[in-house]
Amino acid sequence: MFNFPPPDIDWTVVAPTTIVAITGILALIFEMLRPKQNNNMIVAISLLGLIAAGVSVVAQFPSVDASTLGDMVMRDRFGLIIQLLLILAGFLSILFSEGYLREKRIPFGEFYPLLLWSLTGAMVMSTSNNLLMIFLGLEILSIALYVMAGLSRSENKSEESALKYFLLGAFASGFLLYGIALIYGATGSLDLTMIVNAWIRSSTAAPTLILFGLGMILIGLSFKAAFVPFHQWTPDVYQGAPTNVTAFMAAGSKIGALAALWRVLDGAMPLREYWLPALFWIAIITMCVGNLLALVQKDVKRVLGYSSIAHAGYILVAIVAHFKDPANVGTNTIVYYLLSYTLMTIGAFAVITLAASKGKESTSFDDLRGLVKRSPFAAGSIIVFMASLIGIPGTSGFIGKFMIFNDALKAGLTPLAIVLAINSILSIAYYLGIAKAMFVEESADQTPAPRLRLDPGLTAACVLCVAGIFGAFVFYAPLMRAFTR
């Protein structure tokens, strides 16, 4: 009776996302076959799957742009690089997780498939110009994160962070879905490329629907990217969630949200006179609020939570500069800074997992005292990560901030460049505070802590992050050529 021809599917385009999703299924099946046993094989399966997905992405770099599944999934250079960054974030997060989960007494093998499926959602968001696919990717990303945030079920703060993240995440999804409905009502399509056509041939009501719809979508994505004033969940959830979950949330979730934001803004380019001023002020407020509130925090995870808010503001400056003057400002700065941010943020959280011991974890500044004696390698690593977060020359963080500053000037956004420079100076205080805590001796009434033995996964994660930070600085030119078709 019904004759619906199946869509033509170019499996090479969807191969990276498919590999990650299938790896999650395999990891879960293996966990079911070996309940409450060693998770090393699950970790190995997850890492090998991510390596295979990364190879699939790199193999497509020479290919021309393409789309499949009814043009809902696309392949372009920006999407390929974002997928590679997401795979890197997932790989590093998994690498140091097993030792931490065992110290926290929550060695649940389900963590690994959940992370892989969350990563799948972020990859879907980054490779689609279809609003429904972006929403689907966002929900896949978020639902897995809600569960992972509450993984430490014996701790009230973990359950609280999961509930808070779920409620505010559902609230943000409502904004996004309502905006998609308005756009569909105005354009008759869920494809972002149709916004331009609808705007040009607009009737009386269509422009209003489009603008309101874009506003709702931007609010929904701003929650996920932690832009001010939609940032309130970030420090509490970062502090309460297990630290390895926080690491992935700070990098993977943010990359996915920013990539989706870039797709939406690219589709709404002719309307930039309306949304560009709003993003200009959001970038300023986000940088200032994130850095100023970080100065008064006493918990390292809360400091890094507010730091991630500030860095979201930095990346938003690069996005605004690109869309203000796309002829002179490309997307290289955005992807380079996301690479640097991923390495230094996940590396910092990886070192913080050393605070977990015998089922307990405390991440105040006092708890990090004397780390240089207990683990010189970890203390040295955190110095590198803090230096890159500050933007000290010799690190990828310096190159990234310089590129954003330069792009803002080229696009005629001098106020944003000035605010960026001031906030970078402000951030020195709390980043140095974290580094200083590692070198402060334990108090006299404190029992001297034993030397720490880093497990191989944590050591490998720190080595890769440190090498990546310096490597991205040294090989800046080849990276720029790789980012540009």
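This is a predicted model: local features need pLDDT of at least 70, side-chain atom pairs count only at pLDDT 80 or more; totals for chains, interfaces and linings use all residues.
What kind of peptide bond joins Val228 and Pro229? It is a cis bond, with omega at about 10°.

Now let me zoom out to the whole protein. Its secondary structure comes to 20 helices and four strands. With a radius of gyration of 22 Å, close to the 23 Å that the globule rule gives for 485 residues, the protein is as compact as a globular protein of that length. If you like boxes, the C-alpha atoms fill one of roughly 75 × 55 × 45 Å along the principal axes. Of the 485 residues, 58% count as buried. And if you take the contacts with a separation of 6 or more, 80% of them come from residues 24 or more positions apart.

Gly109 is placed in the loop between helix H4 (97-103) and helix H5 (111-126). Is Gly109 buried or exposed? Buried, because its relative accessibility is 2%, and the limit for buried is under 20%. Gly109 and Leu28 are 81 residues apart in sequence, yet their C-alpha atoms are 7.6 Å apart in space. Setting aside neighbours within four places in sequence, Gly109 is in contact with Glu31, Asn39 and Ile42.

H5 packs on H6 at an angle of about 155°, and their axes are 7 Å apart. Angles over 145 degrees count as roughly antiparallel, so that is the label for H5 and H6. The crossing of H5 past H6 is left-handed. On the H5 side, the contact includes Phe111, Trp117, Gly121 and Met125, and H6 brings residues including Met133, Gly137, Leu141 and Met148. By class, this contact has 16 nonpolar, three polar and no charged residues.

H6 has another partner to show you. The axes of helix H6 (residues 131-149) and helix H11 (residues 243-267) come within 11 Å and cross at roughly 165°. H6 and H11 are therefore roughly antiparallel to each other, and H6 passes H11 in a left-handed crossing. From H6, the contact uses Ile134, Leu141, Leu145, Met148 and Ala149; among the H11 residues are Phe248, Met249, Ser253 and Val264. Sorted by class, H6 with H11 gives ten nonpolar, one polar and no charged residues.

One last pair, and then I'll take questions. Helix H3 (residues 77-95) and helix H19 (residues 456-474) have axes that come within 8 Å and cross at roughly 145°. Which residues of H3 make this contact? They are Phe91, Leu92 and Leu95, and they meet H19 residues that include Gly457, Ala461, Leu464 and Cys465. The tally for H3 with H19 is eight nonpolar, one polar and no charged.

Conventions: Residues are numbered from 1 along each chain as its sequence is written. Side-chain values use heavy atoms; hydrogens and water are left out. Axes are lines fitted to C-alpha atoms, for helices over the stretch in contact, and angles run from 0 to 180 degrees between N-to-C directions. Helices (H or I, at least four residues) and strands (E, at least two) are DSSP runs, numbered from the N terminus. Angles under 35 degrees count as roughly parallel, over 145 as roughly antiparallel, 65 to 115 as roughly perpendicular and the rest as oblique. A crossing is left-handed if the near helix is turned anticlockwise from the far one by less than a right angle, and right-handed if clockwise. Contact means heavy atoms within 4.5 Å. Ala, Val, Leu, Ile, Met, Phe, Trp, Tyr, Cys and Pro count as nonpolar, Asp, Glu, Lys and Arg as charged, and the others, Gly among them, as polar. The radius of gyration is taken over C-alpha atoms; the globule rule is 2.2 Å times the number of residues to the power 0.38. Buried means under 20% relative accessible area, exposed over 50%, partly exposed in between (1.4 Å probe, protein chains only).
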